[in-house]
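User: Please go through this model with me in questions and answers, with the cut-offs stated for each term.

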Amino acid sequence: MKNILVTGASGFIGSNLTLELESRYPGARVFALDDFRCSSYKNLLGFRGDVLAYDAADRSWLRIFEHQPLDTIFHMASITDTTILDEKKMMFDNVEGFRNILDLARSKKAAVVYASSAATYGSQDTPMKESDAGRPNNVYGFSKWVLEGLARNYGDVRNVGLRFFNVFGPRETFKGHAASMIYQLCLQIRAGKRPRIFKYGEQRRDFIYVKDVVEGVLQARSAQENTVVNIGTGQATSFNEVIDAINEALGTKVEAEYFDNPYGFYQNFTQADIRHAREAIGFNPRYTTREGILDYVRNYLTKDGSSAPALKA
Ligand SMILES: NC(=O)c1ccc[n+]([C@@H]2O[C@H](COP(=O)([O-])OP(=O)(O)OC[C@H]3O[C@@H](n4cnc5c(N)ncnc54)[C@H](O)[C@@H]3O)[C@@H](O)[C@H]2O)c1
């Protein structure tokens, strides 16, 4: 990889990826595209490359690459707040942004790794296999499902879609209320409150640490065939177990406060089947959810009160 474009580069996953790319490939030229609609330059402190403050769905930025070679595009830009219900905006921004990326990749003969989501599954049986998707519960999940179809129509472009499950870790602060549940619960406990979760905490999710996600994104660059893979731990962790792990990390013994779930479209149980990810991209997560929480809380959240410090190897 010598000339790399990362979109959504100042966002949570994108910034962890961008900084990791600079550290692993010091000779590469890295372009970071983000319109900063829900992120901050603070996530990119230390970055030495070029920053393009454009909306990916706009076509004006494509001229910047007219005479610039590109071999790899990591497309992470997206509206990520699943509570946004403006269907036109969600569909236009997410899908048209990706269409521009695929057109650019085709003209440059660049490979594309793009973010899809476990939201493409909706309320399916678990563990979720790649072939099970297509009945999302909300327009966000639907936009990701449409991205995957679009990618199939660009069969001449090397592309791999990654269905991230619930990601948590450093640099998610700027997502605000859309940041991970693990982050929100840590904030509540640190503020001296009881962590609030839906009754009775036995919902289970596949929570994956961002360090493993970054590794999966990089591994996907070397896939031999176009495909879509799950990026999760392969294990489902209950909300009560998440609170146990946070208590362990913080040395506290705070009990949960349960309340009614107000969402009609909530995924109560997610768990990735990661066999295809193992075969297709060599994905092998290093952290269990508990281990990820311990690393996150001890090495980032409790150090300076933010989740922004640099991702450590
Ligand atoms: N975090 C998760 O748990 C999770 C789960 C499933 C999928 N994903 C996907 O992973 C990717 C990264 O998510 P994240 O958690 O880092 O979210 P994020 O919101 O922190 O990052 C998205 C970034 O994209 C930027 N952006 C949005 N629309 C844009 C546009 N049209 N043009 C330019 N920039 C734009 C935002 O400013 C933000 O910096 C997204 O595609 C998301 O859908 C994330």
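User: Is Asn240 buried or exposed, at its relative accessibility?
Analyst: In this predicted model, Asn240 lies in helix H6 (residues 239–250), where helices (H or I, at least four residues) and strands (E, at least two) are DSSP runs numbered from the N terminus. Buried means under 20% relative accessible area, exposed over 50% and partly exposed in between, with a 1.4 Å probe and protein chains only. Because its relative accessibility is 16%, Asn240 counts as buried.

User: On what basis are residues numbered, and which pLDDT limits apply to the predicted model?
Analyst: Residues are numbered from 1 along each chain as its sequence is written, and side-chain values use heavy atoms, with hydrogens and water left out. As the model is predicted, totals for chains, interfaces and linings use all residues, whereas side-chain atom pairs count only at pLDDT 80 or more and local features need pLDDT of at least 70.

User: What is the C-alpha to C-alpha distance between Asn240 and Glu202?
Analyst: Asn240 belongs to helix H6, and in sequence Glu202 and Asn240 are 38 residues apart. In space, the C-alpha to C-alpha distance of Asn240 and Glu202 is 6.4 Å.

User: How are the ring planes of Phe168 and Tyr296 arranged?
Analyst: Rings of Phe, Tyr and Trp (its six-membered ring) pair if their centres lie within 6.5 Å, and planes under 30 degrees apart count as stacked, over 60 as edge-to-face and the rest as tilted. The structure holds 12 aromatic pairs. For Phe168 and Tyr296 the ring centres are 6.1 Å apart and the planes stand at 45°, so this pair is tilted.

User: Which residues form one aromatic cluster with Tyr296?
Analyst: The rings of Tyr209 and Tyr296 have centres 6.4 Å apart and planes at 50°, so this pair is tilted. Tyr209 lies in strand S10 (residues 207–209) and Tyr296 in helix H8, so the pair ties together parts that are 87 residues apart in sequence. The residues in one aromatic cluster with Tyr296 are Phe168, Tyr209 and Tyr287.

User: Over the face of which ring does Arg196 lie?
Analyst: A charge sits over a ring if NZ of Lys or CZ of Arg is within 6 Å of the ring centre and within 35 degrees of the ring normal. Lys88 lies over the face of Phe92, at 5.0 Å from the ring centre. Arg196, at 4.2 Å from the ring centre, lies over the face of Phe259.
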